[in-house]
Amino acid sequence: MKGSFRLLKVFDIDINIHITFLILPFLFLYHGLRGIFFILFVFLCVTLHELTHSVVAKRFGIVVKEITLLPIGGLASMSSFPKKPSHEFLISISGPLFNIVFAAVLYFPLLALIGRENLFSPSLATWPGTIAQGFWINLILAGFNLLPAFPMDGGRVLRSLLARKMDYRKATSIAVNIGHLFALVFGYLGLMHGHFILIFIAFFIYMAASAEEAQVDVRETIKTFKVSDVLSKEFMTLRSDISLSKVLELVFHSHQEDFPVVDGDNLTGFITRADIINNIHQHGTSKLVKDIMRRDFPTVKPDQLLTNVQKTMEEAELKALPVIKDGRVFGVITLEDISRVYSVMSRRR
Ligand SMILES: [Zn+2]
């Protein structure tokens, strides 16, 4: 996710922290050590919440590669989408459930430690109050994340419940509308009471709901299409020892802009439109393909679904990928090929 930094790696999952988290230390700066303790505890609760999602997702064959921690929760980026509504339901509800169980487990020990009165009057002004605040934050995290609005878990829980009775796209659209409604209410309350953070959250929820709808629309529209359905019959490959001026000629004379680099029978590299443009602007056309080609990039197979390919492109931050069949280069698939299917098949507009 943009604007986030890697903090640590747990179970092969990168834990990133989003830059907006930096506002929290500022908010609690004047509470000193208690403020820092509280922030670290929130970190811990949000991280464990996200790891719970990851563990459940893994049971359904979905790999989580990174978790981004935001002040109002976290986001786990998954390798694929849940196959069934019931999977989405369990993955989504597990995070908030963790916070509720965690609070329940802490309840009696904390009662013994700081007493009932302190536990029910959370405040960062004293240590017992700070510990109580840590207890309540779990219930707040659970409650907030269960709001039936994307991108919160509750939005997904709602969609998965609706999707048992109707088409996934319809279910998403209803869940998105409810999310928009929540955003409008939050925005209104924020404006009325001058709560800047609430207005920010309202805006965030509104945008996320719209993004979810657009994403699901693309996914549902292209979901039955495979790479082989859209792959151009003709394509060119490059040898690694030719110069960029030669490549430029090919770009001008054809529609192809991304090229697999093949030496002998082997795929040795890949060079994209952006690579070509950047290098020509920086160094002119004198460099050779092998000087600028990528050596580390994913490849796809002709029978792979476009939805998976799109995901792979996103993760690799590439707009094109080489297609391999029986160990040989079979073509190049681009984001434009995928968009073409969408623009022809979409029911929207
Ligand atoms: Zn969650």
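**Reading strands, helices and domains in a predicted model**

The C-alpha centres of domain 1 and domain 2 lie 41 Å apart.

Biologist: Before we dig in, what kind of model is this? And which stretches make up domain 1 and domain 2?

Modeller: It's a predicted model. The domain assignment puts domain 1 at 4–146 and domain 2 at 227–345.

Biologist: Let's start with the sheet. In what order do the strands sit?

Modeller: To read a sheet, follow who pairs with whom. Here 4 strands make an open sheet, ordered β1-β2-β3-β4, and the pairing is mixed. At the edges you have β1 (4–10) and β4 (73–78), each pairing on one side only. From one strand to the next, the twist averages 25°.

Biologist: Do β1 and β2 run parallel or antiparallel?

Modeller: Antiparallel, with 6 bridges joining them.

Biologist: Next, helices. Which strands does α2 lie across?

Modeller: For a helix on a sheet, look at which strands it covers and at what angle. Helix α2 (residues 32–59) lies across β1, β2, β3 and β4, and it runs at about 30° to β4.

Biologist: Why is α2 called roughly parallel to α4?

Modeller: It comes down to the angle between the axes. Helix α4 covers residues 127–145, and its axis comes within 10 Å of that of α2, crossing at roughly 25°. Angles under 35 degrees count as roughly parallel, so α2 is roughly parallel to α4. The crossing is right-handed.

Biologist: Which residues of α2 and α4 meet?

Modeller: On the α2 side, they include F37, F38, F41 and V42, and on the α4 side W127, I137 and L141 are among them. By class, the residues of this contact divide into 9 nonpolar, 5 polar and 1 charged.

Biologist: At what angle do α2 and α3 pack?

Modeller: About 140°, with the axis of α2 8 Å from that of helix α3 (residues 85–119). That makes α2 oblique to α3. The crossing of α2 and α3 is right-handed. The contact takes in residues including L48, H53 and V56 of α2, and L90, F98 and F102 of α3. Its residues divide into 8 nonpolar, 6 polar and 1 charged.

Biologist: Last pair: is the crossing of α9 and α10 left-handed or right-handed?

Modeller: Left-handed. Helix α9 (residues 244–253) packs against helix α10 (residues 273–283) at about 130°, and their axes are 11 Å apart. The two helices are therefore oblique to each other.

Biologist: And which residues of α9 and α10 meet?

Modeller: From α9 you get L244, V247, L248 and V251, which meet I276, N279 and I280 in α10. By class, that contact has 6 nonpolar, 1 polar and no charged residues.

Conventions
Residues are numbered from 1 along each chain as its sequence is written. This is a predicted model: local features need pLDDT of at least 70, side-chain atom pairs count only at pLDDT 80 or more; totals for chains, interfaces and linings use all residues. Two strands pair if DSSP finds at least two bridges between them. Axes are lines fitted to C-alpha atoms, for helices over the stretch in contact, and angles run from 0 to 180 degrees between N-to-C directions. Two residues are in contact if their C-beta atoms, placed from the backbone, lie within 7 Å. Angles under 35 degrees count as roughly parallel, over 145 as roughly antiparallel, 65 to 115 as roughly perpendicular and the rest as oblique. A crossing is left-handed if the near helix is turned anticlockwise from the far one by less than a right angle, and right-handed if clockwise. Ala, Val, Leu, Ile, Met, Phe, Trp, Tyr, Cys and Pro count as nonpolar, Asp, Glu, Lys and Arg as charged, and the others, Gly among them, as polar. Domain bounds come from an automatic or database domain assignment.
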